[in-house]
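Q: Could you walk me through how to read aromatic contacts and a metal site in a model like the one below?

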Amino acid sequence: MFTLIKNITNLITCKDSAKKPKKGKEQNKIDLINDGFVVYNRKGIFCVGKMIELNKILKKEKIILTDEIDAKGKVVMPGFVDTHTHFVFAGSRSDEYEMRIRGFTYEEIASKGGGIRVTVNAVRNISKEELEKITIKRLKRFIEYGTTTIEGKSGYGLDLDNEIKILEVIKSLNKNNPYFLDLFPTFLGAHSIPSNKTKKEYINEICNEMIPEISRRKLAMFIDVFCEKDYFSPKETDKILYTGRKFGLIPKVHTDQFNSIGGIKVALKNNAVSVDHLEVLTHRDIKLLSSAKHNIIATLLPGVSYFLDIPYPPARKLIEHNVPVALATDFNPGSCMTENIQIIMSLASIKMKMSIEEIINAVTINAAYAIKYNNYIGSIEKGKQADIIIFDTPSYKDIIYNFGTNQIKTVIKKGNIILER
Ligand code: NIG
Ligand code: FE
């Protein structure tokens, strides 16, 4: 029993022909089929092609169709993959937002006791059940803009119990959310330093208590560190990532957001799957990424540049130097308060001069690589999950050209229609 999406005006498959993240000129290839079709069910995508081949294929494969969606005048593409978020948090930091409008910087607010620690207090003072309830509402908002897979970080607990509380919310929602979303948990204990401990004490706690326990309980897939002046130095980052790896966690790094202090080198040394932020990335570090032995993804977060009014990451230079680029929201209460990945795509276009095609690969197949789930999601190909979004517009260019307007019509996750507008 299969569903057919037929007469698709623009079918973007983002086909992963080379079986590796798209970089350089490849980042610009989306594998567009005009007048296409997709056949899928809950087990996955069965076939993809051009409408003129449809009847022949249906007969040959003896496919029985139970449903049909007519996508004439529409765009069909892989569901968006948002691989850098902090979607589990409590409270609001709208007062800090207003302070920033009045001229205070993110770093000044943090040094006055605001910032991450404010959210830490809010998370510590809420039950797991309450935290889960407010998080479900956010998941709905991600879906409304076409996101079907989300990575989420801890880092607002900063002690064993509260870090675990956040990761348990992700685990429980991953097992059981009404939208069949895939959620990928990242342990970011090294997000800041709790006020009642020295940094040394806290790093020991992360390495000797938190990582072993989180790994034992299979609560995280990735480990992340905020490698930044006044947070964690490259040496400290190295120690934490190394320990995480020993316990089976895959490294990612928040680095080069405000200062370039050597995070890229540490990330490469630890085989990180991605380096994220990169607002102040130097030419030297671009070269290092470019000559990396493994495929490391540069995950850029232009929503942060917009929200904090800081420089945008050098996307063009990264692409020119053959570094695969992904884009993500970094949804969090302090530096980017939006679940809307389409805004991020618009910023990447206008502010970082990425092409529409490069952007599409950055939020689909390259993003799938950034969470090592490229065998299942990120492109519309036989055998992958049916994570498919439909836009009510005939040209894929309109998704970015017609900015600020959400043209999502249908969101399909693992073969289930989870949103219809
Ligand atoms: O990715 N840079 C560090 N962490 C987050 C911000 C977290 C917060 O301000 O609450 C980020 O930008
Ligand atoms: Fe972040």
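Predicted model: local features only at pLDDT ≥ 70, side-chain atom pairs only at ≥ 80, totals over all residues.

Q: How is a pair of aromatic rings described?

A: The distance of the centres and the angle of the planes describe it. Take Tyr 106 and Phe 258: their centres are 5.5 Å apart with 20° between the planes, a stacked pair.

Q: Which parts of the chain does that pair tie together?

A: Tyr 106 belongs to helix α3 (residues 106-111), while Phe 258 sits in the loop between β10 (250-255) and α9 (263-269), so the contact joins parts 152 residues apart in sequence. Tyr 106 is buried, at 13% relative accessibility, and Phe 258 is buried too, at 15%.

Q: Which residues form one aromatic cluster?

A: Phe 87, Phe 89, Phe 142, Tyr 156 and Phe 331 do. Phe 89 also has a charged neighbour: Arg 138 lies over its face, 3.6 Å from the ring centre. Elsewhere, Lys 252 lies over the face of Phe 222, at 5.1 Å from the ring centre.

Q: Now the metal: which residues coordinate the iron ion (ligand 2)?

A: For a metal site, look at the donor atoms and then at their places in the chain. Here the donors are NE2 of His 84, His 86 and His 254, plus OD of Asp 330, at 2.1 to 2.4 Å. Their spacing along the chain reads H-x1-H-x167-H-x75-D. His 84, in the loop between β6 (80-82) and α2 (94-101), and His 254, in strand β10, are 170 residues apart.

Q: Are those two histidines, His 84 and His 254, buried or exposed?

A: His 84 is buried, with a relative accessible area of 0%, and His 254 is buried at 2%.

Notes:
Residues numbered from 1 in each chain as written. Chains lettered and ligands numbered in written order. Heavy atoms only, no water. Phe/Tyr/Trp six-rings, centres within 6.5 Å; stacked < 30°, edge-to-face > 60°. Helix = DSSP H or I, 4+ residues; strand = E, 2+ residues; numbered from the N terminus. Buried < 20%, exposed > 50% of the residue type's maximum accessible area, 1.4 Å probe, protein only. Lys NZ or Arg CZ within 6 Å of the ring centre and 35° of its normal. Donors = N, O, S within 2.8 Å, 3.2 Å for Na, K, Ca; no water.
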